[in-house]
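Reader: I would like to learn how to read helix packing and sheet order in a model like this one. Could you take me through it, one feature at a time?

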Amino acid sequence: MKAQANPLLEISNLHIRFHTLDGVVQAVDGIDFEVYPGETLGLVGESGCGKSVTALSILQLLQCPPAEIQGQIFFEGQNLLELNREGIRKIRGNEISMIFQEPMTSLNPVLKIGEQIAEAGRLHKGMNRQQAWRWAVEMLRMVQIPGPGSRSRLYPHKFSGGMRQRAMIAMALSCNPRLILADEPTTALDVTIQAQIMTLMQRLKQEFKSAIVLITHDLGVIAEMASRVVVMYAGKVVEEAPVIALFKDPRHPYTRGLLGSIPVIGRKEQTGRLLQEISGIVPSPANMPLGCRFHPRCSQAMDKCHQEEPPMTRLAEHRRVSCWLEG
Ligand code: SF4
């Protein structure tokens, strides 16, 4: 792991609440983690655990329903939560960019692909129209879009799902960001295209030396890409570990459950069961259980787990877990 002394991104005691018609929903409840220059950090958990909301809050992209954000998000020493609209606009897409699961979320359907990338060149790099267009074609070539010159003049709906995702990666990388937030970047694609996109992202990450926060529920993708992993459950961080340590020796019952639900060839012969699922469902953020939030689903829950939240126990550098079995 390439962890360095100074984090590029440092999230501390982050709380995110939504004020809805049905009351206050606590989506993220006091999380901390850091991202170091050039590394890929995996942010893992089931849908609704708060990982996407965390990423959106970094770029102040949470709008509706009204969100209340508390805590600190330091990027290169600057608290992003204190920036005004103009300040965050300069960072968005320039220093930090985002790749979404569905490219149409960030591609404008009525603008040609080339124009959308060229706009970033004009806005953030001070290029004139011609320079920006040439550069947009170069970016499309870099993400291996065949015939980038002619394809740059097409609208997004003329691209296949895989090509749209490549175009969005080109847009995200176009200003050589220090940090990329990739939210389920391959979930909507079929397996072959997924593998191509992952390989592309790995190659470009090395070329551009950007750090990546890779948000996914897919531990196979994490094993391929991440050097360190933060596991979230019901708005909290429950475990953090270097990727090899996490796969070899998961310490939180939830992490063990996630790993047990990955298909492994030969597991049935070893255990008599093909997959071990986590029973029950993720609690609603509007109605969190008392004590450890995982206790209704945990086969190792003790009396204490029903009453008191477990503390975060630090086991080693970049190795921590929140569970009474370790506390
Ligand atoms: Fe299970 Fe208790 Fe640990 Fe929570 S604190 S994960 S309920 S053993």
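Author: Gladly, and we can begin with a pair of helices: α4 passes α6 in a right-handed crossing. A crossing is right-handed if the near helix is turned clockwise from the far one by less than a right angle, and left-handed if anticlockwise. Helices (H or I, at least four residues) and strands (E, at least two) are DSSP runs, numbered from the N terminus. This is a predicted model, in which local features need pLDDT of at least 70 and side-chain atom pairs count only at pLDDT 80 or more, while totals for chains, interfaces and linings use all residues. Residues are numbered from 1 along each chain as its sequence is written, and side-chain values use heavy atoms, with hydrogens and water left out.

Reader: At what angle do α4 and α6 pack?

Author: Axes are lines fitted to C-alpha atoms, for helices over the stretch in contact, and angles run from 0 to 180 degrees between N-to-C directions. Angles under 35 degrees count as roughly parallel, over 145 as roughly antiparallel, 65 to 115 as roughly perpendicular and the rest as oblique. Here α4 (residues 129-142) and α6 pack at about 125 degrees, their axes 9 Å apart, and they are therefore oblique to each other.

Reader: Which residues of α4 and α6 meet?

Author: Contact means heavy atoms within 4.5 Å. M139, L140 and M142 of α4 meet A167, A170 and L173 of α6. The contact residues divide into six nonpolar, no polar and no charged; Ala, Val, Leu, Ile, Met, Phe, Trp, Tyr, Cys and Pro count as nonpolar, Asp, Glu, Lys and Arg as charged, and the others, Gly among them, as polar.

Reader: In what order do the strands of the open sheet lie?

Author: Strands of a sheet pair through backbone hydrogen bonds, either parallel or antiparallel. Two strands count as paired if DSSP finds at least two bridges between them. Eight strands form this open sheet, with mixed pairing, in the order β6-β7-β8-β3-β9-β10-β12-β11. β6 (96-99) and β11 (313-316) stand at the edges with a single partner strand each, so one side of each has no neighbour in the sheet.

Reader: Is β8 parallel or antiparallel to β3, and is β8 enclosed or open?

Author: β3 (residues 40-44) and β8 run parallel, joined by five bridges, and L43 has I215 as its bridge partner. Buried means under 20% relative accessible area, exposed over 50%, partly exposed in between (1.4 Å probe, protein chains only). Six of the six residues of β8 (residues 211-216) are buried, so β8 is largely enclosed by the rest of the structure.
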